[in-house]
Amino acid sequence: VKTAQDVRAEWVAALRSGKYRQVHDLDGPKRGSGYCAMQVLAVALGYSAHHWGHRQVRKTAGLSWLQATRITWWNDAKKLSFHQIASRIEAWPPTR
């Protein structure tokens, strides 16, 4: 059984892998042409990218609603790179 920390480690690796083209505004003109950080998590867990906002995706990675919102803000409003977002996720204390 994978722990939330295991899931986060896989997610961080996926964010840094270069496999996913990052987009910063899913509602903008580039919709469907890439992934936000939360969509990468959903895909890494075996869900469709469209399930990125589902509670189960968050819970599996041990993320609170606030943390998921912050990640979305980093991706869309702050336009941080996947590498920058991965570093910030790693800096969070382990989930209990």
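**View 1. A86 sits in helix α5.** This is a predicted model: local features need pLDDT of at least 70, side-chain atom pairs count only at pLDDT 80 or more, and totals for chains, interfaces and linings use all residues. Residues are numbered from 1 along each chain as its sequence is written, and side-chain values use heavy atoms, with hydrogens and water left out. Helices are DSSP runs of H or I with at least four residues, numbered from the N terminus. Is A86 buried or exposed? A86 counts as buried, because its relative accessibility is 0%. Buried means under 20% relative accessible area, exposed means over 50%, and partly exposed lies in between (1.4 Å probe, protein chains only). Which residues touch A86, leaving aside its neighbours within four places in sequence? They are V12, L15 and R16. Contact here means heavy atoms within 4.5 Å. A13 is 73 residues from A86 in sequence, yet their C-alpha atoms are 8.0 Å apart in space.

**View 2. Helices α1 and α5 pack at an angle of about 160°.** Their axes are 8 Å apart. Axes are lines fitted to C-alpha atoms, for helices over the stretch in contact, and angles run from 0 to 180 degrees between N-to-C directions. The two helices are therefore roughly antiparallel to each other. Angles under 35 degrees count as roughly parallel, over 145 as roughly antiparallel, 65 to 115 as roughly perpendicular and the rest as oblique. The crossing of α1 past α5 is left-handed. A crossing is left-handed if the near helix is turned anticlockwise from the far one by less than a right angle, and right-handed if clockwise. From α1 come R8, W11, V12, L15 and R16. They meet F82, H83, I85, A86, S87, I89 and E90 of α5. Sorted by class, this contact has seven nonpolar, two polar and three charged residues. Ala, Val, Leu, Ile, Met, Phe, Trp, Tyr, Cys and Pro count as nonpolar, Asp, Glu, Lys and Arg as charged, and the others, Gly among them, as polar.

**View 3. Helix α1 (residues 4-16) packs with helix α2 (residues 37-44).** The angle is about 120°, and the axes are 9 Å apart. α1 and α2 are therefore oblique to each other. Their crossing is right-handed. α1 brings V7, W11, A14 and L15 to the contact. α2 brings A37, M38, V40 and L41. How many residues of each class make this contact of α1 with α2? Eight are nonpolar, with no polar and no charged residues.

**View 4. Helix α2 is mostly covered.** Six of its eight residues are buried. They are A37, M38, Q39, V40, L41 and A42. What do the buried residues of α2 pack against? Their partners are α1, α3 (55-60), α4 and α5. G46 follows α2 and has a positive phi, near 95°.

**View 5. A42 has its place in helix α2.** A42 is buried, with a relative accessible area of 0%. Leave aside its neighbours within four places in sequence, and A42 is in contact with Y47, S48, A49, H51, W52 and V57. W11 and A42 are 31 residues apart in sequence. In space, they are 9.0 Å apart, C-alpha to C-alpha.

**View 6. Helix α4 (residues 65-76) packs with helix α5 (residues 82-91).** The angle is about 155°, with the axes 10 Å apart. That makes α4 roughly antiparallel to α5. α4 passes α5 in a right-handed crossing. On α4, the contact residues are I71, W74 and N75. On α5, they are F82, I85, R88 and I89. By class, five of these contact residues are nonpolar, one is polar and one is charged.

**View 7. K79 lies in the loop between α4 and α5.** Phi of K79 is near 55°. That is a positive value in a residue other than glycine. K79 is partly exposed, with a relative accessible area of 48%.

**View 8. The chain has five helices and zero strands.** From the N terminus on, its elements run α-α-α-α-α. Of the 96 residues in the chain, 39% are buried. Take contacts between residues at least 6 apart in sequence: 56% of them join residues at least 24 apart.
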